[in-house]
Amino acid sequence: MQIIETERLTLRPFREGDADDLLACLRAPTATCFLSLKLADLTAAKTEVKKRALDEGSVAICLKQTGQVIGDLFGGGAAEEEEGTASVGWNLNPQFGGRGYAFEAARALLDHLFRAKGFRRIYACVEDHNMPSQRLCEKLGMRREGLFLEFVSFTKDDAGNPIYENTLQYAILRREWMSGVPAVWQPPGMTGVAGAEPSGHDV
Ligand SMILES: CC(C)(COP(=O)(O)OP(=O)(O)OC[C@H]1O[C@@H](n2cnc3c(N)ncnc32)[C@H](O)[C@@H]1OP(=O)(O)O)[C@@H](O)C(=O)NCCC(=O)NCCS
């Protein structure tokens, strides 16, 4: 991917030298969906960095001031399943949460995927207990489109049985992003949907 600059951040591909910072981001993932990405040590982090460096859809979030990698985004890689559709996701080093970095980075990524890469639809899957990620989707102007009950399992209980999670899907279309006015339609029974506040798409 091309390098993207925002006010406080640089978004760029992963590269050699990022392993320490990636380890800090993924030593103890807080999101259940990223538990499988947990990194045990620096050796594992170096291997993961090499893999990500070759993945067009993997983006390092760096602080402009220090160059430190404080998190990552994904979206728009080769493995997208539907033509014109990209799924996106995010993970911050917890030390850097609550400062608006995730929003700043994700907004720039969505803008890049819609404008430069021409994607038609972008969606994100979020577990129903992950409030920070839901809040981020809503601030981005993404619409809450559905709730899939017992959709996926990332963990097991003490007896080894899968624990199934309820998964929300958020999405936004290119035309909505470009107009800056996300649609407010929502499935019956759904509340707390994007569109209630302007998302400010100018990056
Ligand atoms: C989801 C995740 C990326 C959200 O990160 P975050 O730091 O909470 O998100 P934001 O960047 O939007 O920042 C949130 C808060 O920063 C605060 N903030 C501080 N300074 C700010 C600034 N300069 N600009 C904007 N917001 C700022 C705001 O109060 C904002 O809270 P609000 O939205 O309620 O107003 C983060 O919790 C995370 O990495 N979680 C683990 C991984 C995960 O769950 N991934 C998603 C799996 S589906």
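Which residues have the most contacts inside the largest nonpolar core? The points below take up this question and then move on to the rest of the fold.

1. **The model and its elements.** This is a predicted model. The secondary structure of the protein consists of five helices and nine strands. Read from the N terminus, the elements follow the order β-β-α-α-β-β-β-β-α-β-α-β-β-α. The protein has 203 residues, and 34% of them count as buried. Among contacts between residues at least 6 apart in sequence, 60% join residues at least 24 apart.

2. **The core.** The largest nonpolar core is made up of 47 residues. Those with the most contacts inside it are Leu-22, Ile-61, Ala-105, Ala-106, Leu-109, Leu-110 and Ile-122. Helix α3, residues 101–116, supplies the largest share of this core, namely nine residues. For Leu-109, leaving aside neighbours within four places in sequence, the contacts are Leu-11, Val-59, Leu-73, Gly-75 and Val-88.

3. **Strand β3 and its partners.** Strand β3 covers residues 58–63, and five of its six residues are buried, so β3 is largely enclosed by the rest of the structure. Strand β2 (residues 9–12) pairs with β3 in the antiparallel sense over four bridges. Within this pairing, Leu-11 has Ile-61 of β3 as its bridge partner. Strand β4 (residues 69–74) also pairs with β3 in the antiparallel sense, over five bridges. Here Ser-58 stands opposite Phe-74 of β4. The hairpin of β3 and β4 has five residues between the strands, and in this hairpin Gly-67 takes a positive phi near 85°.

4. **The four-stranded sheet.** An open sheet of four strands has the order β5-β7-β9-β8, and its pairing is mixed. β5 (85–87) and β8 (143–156) are the edge strands, each pairing on one side only. From one strand to the next, the twist averages 30°. Strands β7 (residues 121–127) and β9 (residues 162–173) pair in the antiparallel sense over seven bridges. Ile-122, already named among the core residues with the most contacts, has Ile-172 in β9 as its bridge partner.

5. **Arg-143.** Arg-143 and Leu-173 are 30 residues apart along the chain, yet their C-alpha atoms are separated by 9.3 Å.

6. **Helix α4.** Helix α4 lies across β7 and β9 and runs at about 160° to β7. The buried residues in α4 are Ser-133, Gln-134, Leu-136, Cys-137 and Glu-138. What covers them includes β6, α3, β7 and β9. Just after α4, Gly-141 takes a positive phi of about 85°.

7. **The ligand.** Which element gives the most residues to the shell around the ligand? That is α4, with five residues. In total, 21 residues surround the ligand, and the closest are Ala-31, Gly-100, Ala-102, Phe-103 and Pro-132. The elements that contribute two or more residues to this shell are β6 (89–92), α3 and α4 (131–139). By type, the shell residues divide into ten nonpolar, eight polar and three charged.

How values were computed:
Residues are numbered from 1 along each chain as its sequence is written. This is a predicted model: local features need pLDDT of at least 70, side-chain atom pairs count only at pLDDT 80 or more; totals for chains, interfaces and linings use all residues. A nonpolar core is a set of buried Ala, Val, Leu, Ile, Met, Phe, Trp, Tyr and Cys residues joined through C-beta atoms within 7 Å. A residue is buried if 20 or more other C-beta atoms lie within 10 Å of its own, exposed if 12 or fewer, and partly exposed in between; C-beta atoms are placed from the backbone. Two residues are in contact if their C-beta atoms, placed from the backbone, lie within 7 Å. A residue is near a molecule or strand if its C-beta atom, placed from the backbone, lies within 6 Å of it. Ala, Val, Leu, Ile, Met, Phe, Trp, Tyr, Cys and Pro count as nonpolar, Asp, Glu, Lys and Arg as charged, and the others, Gly among them, as polar. Two strands pair if DSSP finds at least two bridges between them. Axes are lines fitted to C-alpha atoms, for helices over the stretch in contact, and angles run from 0 to 180 degrees between N-to-C directions.
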